[in-house]
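Grab a pencil and work through these exercises with the viewer open. Each task comes with a solution that goes step by step.

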Amino acid sequence: MTAIMKSEPTPSDREVLTGLVERVTYQNAGGFCVLRVKARGHPELVTLMGHAAAISAGEWITAAGNWVNDRTHG
């Protein structure tokens with residue numbers, strides 16, 4: 001499953017995820033990134049997609065967004 005970070009989620013679909021960034025899979029100059037996060041309450045790494053000004057492995061993050069199960073990527 002993949003968590004998508006939204007800049008302004010509505011209260012009905014907002015979930016907060018906190019955890020340690022294990023790996024930055026992708027990041028571009030515009031701030032879009034794909035992260036692998038060891039999140040509280042999740043036994044496996046969680047893929048997180050969204051925007052962050054600067055992020056690196058080893059950082060503790062808090063993200064808000066909604067869950068998406070993509071047909072192609074899971």
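Two residues are in contact if they have heavy atoms within 4.5 Å of each other. Of the contacts in the protein with a separation of 6 or more, 54% are between residues 24 or more positions apart. Keep in mind that this is a predicted model, where local features need pLDDT of at least 70, side-chain atom pairs count only at pLDDT 80 or more, and totals for chains, interfaces and linings use all residues. Residues are numbered from 1 along each chain as its sequence is written, and side-chain values use heavy atoms, with hydrogens and water left out.

**Exercise 1. List the secondary structure elements in order from the N terminus.**

Step 1: start with the rule. Helices (H or I, at least four residues) and strands (E, at least two) are DSSP runs, numbered from the N terminus.

Step 2: apply it. You get zero helices and five strands, so the order by this rule is β-β-β-β-β.

**Exercise 2. Work out how β3 pairs with β2 and with β4.**

Step 1: two strands pair if DSSP finds at least two bridges between them.

Step 2: take β2 (residues 15-27) and β3 (residues 32-39). They pair in the antiparallel sense over seven bridges, and Arg23 sits opposite Arg36 in β3. The two strands form a hairpin with four residues between them, and Gly31 in that turn has a positive phi of about 100 degrees.

Step 3: move on to β4 (residues 46-51). β3 and β4 are antiparallel too, over six bridges, with Arg36 opposite Thr47. Here the hairpin has six residues between the strands, and Gly41 in the turn has a positive phi of about 85 degrees.

**Exercise 3. Decide whether Thr47 and Gly50 are buried or exposed.**

Step 1: buried means under 20% relative accessible area, exposed over 50%, and partly exposed in between (1.4 Å probe, protein chains only).

Step 2: Thr47 has a relative accessible area of 16%, so Thr47 is buried. Its side chain also makes a polar contact with the side chain of Arg36 at 2.6 Å. A polar contact is a pair of N or O atoms within 3.5 Å; within protein, one must be able to donate a hydrogen and the other to accept it, and residues adjacent in sequence count only if both atoms are side-chain atoms.

Step 3: Gly50, in strand β4, is at 4%, so Gly50 counts as buried. The C-alpha atoms of Gly50 and Phe32 are 5.6 Å apart, although 18 residues separate the two along the chain.

**Exercise 4. Find which residues make up the largest nonpolar core.**

Step 1: a nonpolar core is a set of buried Ala, Val, Leu, Ile, Met, Phe, Trp, Tyr and Cys residues joined through side-chain atoms within 4.5 Å.

Step 2: the largest one has 12 residues, including Leu17, Val21, Cys33, Leu35, Leu48, Ile55 and Ile61. The elements giving two or more residues are β2, β3, β4 and β5 (60-68), and β3 gives the most, with four.

Step 3: look at Ile55. Leaving out residues up to four places away in sequence, Ile55 touches Val21, Val24, Gln27, Cys33, Leu35 and Ile61.
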